[in-house]
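This report describes selected features of one protein model. Please keep the sequence and the structure in view while reading.

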Amino acid sequence: MRFGDGARRWAYARLALKGFGPSLNFRQARHPALDGARGLAVLAMVLGHTLDALLAPAFRDHSWVQEYWKLRGITAPLFLLVSGWAVVMALGTKPGAAKDSFGRRFRRALLLLFLGYLLHWPGWGAVRELGFSDAMLLKVFQFDALQCIGASLLLGAMALVVTPHRGARALLLGGLAVGIPLASAGMWNAGAHLPVPLQQFIGNGEGSRFPFFPWAGFFFAGAFAAHGLHLLKPGLPQGFALLAVGGALLALTRQVPMEWMPTSPTMVMYRVAQGLLVLGAVNLLPQRVSGLLAPLGRLSLWIYVLHLPVVYGWADIAGLAQHIGPRLGIASALGVSVALLVGCYLIARVGRWVREQARPWRAGSTTLGASVGTARLGQ
């Protein structure tokens, strides 16, 4: 056989194999509901933070505002739930995917931790004024949503690597989903005399907003649900299954005494049930409807990072809460929140485009997105 004939045959073979695409090279497509659910949470988050900072006290007693405050309670749990779901679904069907992707997830977890602590940096002036004291450590190491997702992602990535067998993985993810909320009260008591950064991580420290105990339980509940429902196709099959599981959990919460303390396992179960119902409902929506929210979901991490300093300020730079304060009417506060959401989205979109131009060989990814790449489903 002449060299030219062999080269042509190899070229034809490559073209034929290319047509199979995802089934042979394990390329992944985005889960159609994850971005929509995350986009819904982003919308509620930006509106909630802006209204909380700017709405005048006279309007806070309005009936629909009170109802909205109640609905806002699902925002953070939904973020964590979807992040855990996405981490498991991103593995697809490729053997050894958890081990192969560990480095990327480790770097992503470190990025989330860095951004989370950066957002709470009080400024050099405050650090010098407070000195090396517990008050300074409390400000610098305040534990919030991004730190919780980063720590959960780090532990979750290690859990997936050490459990290549599906049965063992189900036991470990389910154990973490149930065990972390159940252990929260004991961990808070045990951490009473630990250093301030560890208290912030555990949750018994003052000002810890989304401590690992019990908030990481939401992340692993999402991971466990994704592991259990991986055989069902996204859309109607997964949607009805999520509604059934969420409804069953919600019914179970009515059979046990409900507690609303920060360490309450029943509170976690109630919010997990709500999150699964939301994710199931988004699965059932036509993709052209959920697709309206998907662009926000794909950029949720950066919208989160951009909007917080604008609303609440950063270091010694005042934000809208200090400049305007809680004195706007409902219409004005809503207008500011929508403008802020659009502005943050456009900035994040431009930033992603610039990054893609600078690194065209890397596929775009999103985990509070945290990866984040984690909103991908193996085909």
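## Aromatic pairs

The structure holds 12 aromatic pairs, where rings of Phe, Tyr and Trp (its six-membered ring) pair if their centres lie within 6.5 Å; planes under 30 degrees apart count as stacked, over 60 as edge-to-face and the rest as tilted. The rings of Tyr-68 and Trp-69 form a tilted pair, because their planes stand at 45°, with centres 6.0 Å apart. Tyr-68 counts as buried, at 15% relative accessibility, whereas Trp-69 is partly exposed, at 22%. Here buried means under 20% relative accessible area, exposed over 50%, and partly exposed in between (1.4 Å probe, protein chains only).

An edge-to-face pair is formed by Phe-143 and Phe-201, with 5.5 Å from centre to centre and 85° between the planes. Phe-143 lies in the loop between α10 (134–140) and α11 (145–162) and Phe-201 in helix α13 (residues 196–202), so the pair ties together parts that are 58 residues apart in sequence. Helices (H or I, at least four residues) are DSSP runs, numbered from the N terminus. Phe-143 is buried at 2% relative accessibility, while Phe-201 is partly exposed at 27%. Together with Phe-212 and Phe-213, Phe-143 and Phe-201 form one aromatic cluster.

## Basis of the model

This is a predicted model, in which local features need pLDDT of at least 70 and side-chain atom pairs count only at pLDDT 80 or more, while totals for chains, interfaces and linings use all residues. Residues are numbered from 1 along each chain as its sequence is written, and side-chain values use heavy atoms, with hydrogens and water left out.

## Nonpolar cores

The largest nonpolar core has 86 residues, of which Val-42, Trp-85, Leu-146, Phe-220, Ile-303 and Tyr-304 touch the most other members. Apart from this core lies another, of 5 residues, including Val-127, Leu-137, Val-140 and Val-196. A nonpolar core is a set of buried Ala, Val, Leu, Ile, Met, Phe, Trp, Tyr and Cys residues joined through side-chain atoms within 4.5 Å.

## Backbone features and a buried threonine

Phe-213 is joined to Pro-214 by a cis peptide bond, with omega of about 10°; Pro-214 is found in helix α14 (residues 212–228). Ala-315 is not a glycine, yet its phi is positive, at about 55°. Ala-315 is placed in the loop between α19 (300–312) and α20 (320–323), and is partly exposed, with a relative accessible area of 29%.

Thr-75 lies in helix α6 (residues 75–89) and counts as buried because its relative accessibility is 9%.

Terms used: Helix = DSSP H or I, 4+ residues; strand = E, 2+ residues; numbered from the N terminus.
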